[in-house]
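A short briefing follows, grouped by topic.

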Amino acid sequence: MEYLLTTNSLTKQYGRHKAVNGVSLHVRQGDIYGLIGRNGAGKTTILKMISGLAAPTAGDFTLFGETGKHTAPYLSRVGTLIETPGVYPNMSAAENLKIKCLSLGVRQKGVIDELLQTVGLAGAGNKKVKNFSLGMKQRLGIALALVGDPDLVILDEPINGLDPQGIAEVRETLFKLNKERNITLIISSHILEELSKIATRYGIIHDGVLLQELSREELLAKCSERIELKTSDTRKACTVLEGMGITDYKVVDASTIHIFERLNDSGEITMKLAENQVKTMGIAVKNEALEDYYLNLTGGAANV
Ligand code: ATP
């Protein structure tokens, strides 16, 4: 099986508004899939449909090789943390986990201690949850999502509202789950910079539509430092570049070449092109930050 999960034109309409509009995601086994989008983009609605908490208006999904509109047959294989974790504040983390274990029929000995250990709450298992920091509550939410030993864990904004230390702790926990327990993760966030530290694949959602799906390498390449050369003849320009010993470049479209080496030599490149009767229509060194790339794609900084 190539994909653990694909959504097939998944759509959710509320009244006349399509909160999710024909979204087709592709999640591989072992991915840490980052679903990125501004507030209101439709991330939670997608995750709710995949988790069986909301029914699609149209479309369906293929999960563990089976196609349908419901997650019900796989509930034990999918762990979720969507919006704030439902916890009992007057109980301890261990007691909260015990209730979840009972509700899912999980009886293995030592499972609660192991889960607390996994999410870094081993020392705080008996503390009442109402006295937890936000980061500790999020980690307890992740532990709750792990009850039943799922293959796929879906986390909606797990780093939202956390301080840098809390973010780092949650990130470590997620890495560990992915690497040591081979859990596939889908994580939503409105902060690309944060997701970029962990996700291996990205889906960019805007106004309910999937704008782009790309791998970590593809995203980093788009944001890497480069010379952007606009020219009337890319074929001839490539010959000139090769003649200068420049090999690390990419023809992006009919008039654009991205050059990833000799970033200080744009003057020399322009001169050599002119000598060979190749017209330079524009040349600039670009280093688009991740957030800029995302903002450009989604149309500016408003409402972020
Ligand atoms: P956020 O990070 O703010 O939660 P999001 O990307 O998760 O944003 P969603 O919560 O999925 O976005 O919402 C997408 C759109 O669907 C929004 O316009 C929202 O108002 C609308 N919406 C979500 N749930 C409902 C509902 N139950 N009834 C009507 N509209 C809804």
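In this predicted model, helix α2 (residues 93-104) and helix α3 (residues 111-118) have axes that come within 10 Å and cross at roughly 120 degrees. Residues are numbered from 1 along each chain as its sequence is written, and local features need pLDDT of at least 70, while side-chain atom pairs count only at pLDDT 80 or more and totals for chains, interfaces and linings use all residues. Side-chain values use heavy atoms, leaving out hydrogens and water.

**The helix pair**
- The residues in contact (heavy atoms within 4.5 Å) are Ala93, Ala94, Leu97, Lys98 and Cys101 of α2 with Val111, Ile112, Leu115 and Leu116 of α3.
- The contact of α2 with α3 comprises 8 nonpolar residues, no polar ones and 1 charged.

**The cavity**
- The whole structure contains 1 cavity of 30 Å³ or more; a cavity is a set of points on a 1 Å grid over the protein atoms alone where a 1.4 Å probe fits but cannot get out.
- The largest cavity has a volume of about 70 Å³, volume being the space filled by probe spheres set on the points.
- Its lining (residues with an atom within 4 Å of a point) includes Pro158, Arg171, Ser188 and Glu194.
- α5 (164-180), β9 (184-189) and α6 (192-195) each supply at least two residues of this lining.
- The lining of the largest cavity divides into 7 nonpolar, 2 polar and 2 charged residues.

Technical notes
1 Å grid on protein atoms, 1.4 Å probe; cavity = no way out; pocket = protein on both sides within 12 Å on 5 of 7 lines; lining within 4 Å. Helix = DSSP H or I, 4+ residues; strand = E, 2+ residues; numbered from the N terminus. Nonpolar A, V, L, I, M, F, W, Y, C, P; charged D, E, K, R; others polar. Axes fitted to C-alpha atoms, helices over the stretch in contact; angles between N-to-C directions.
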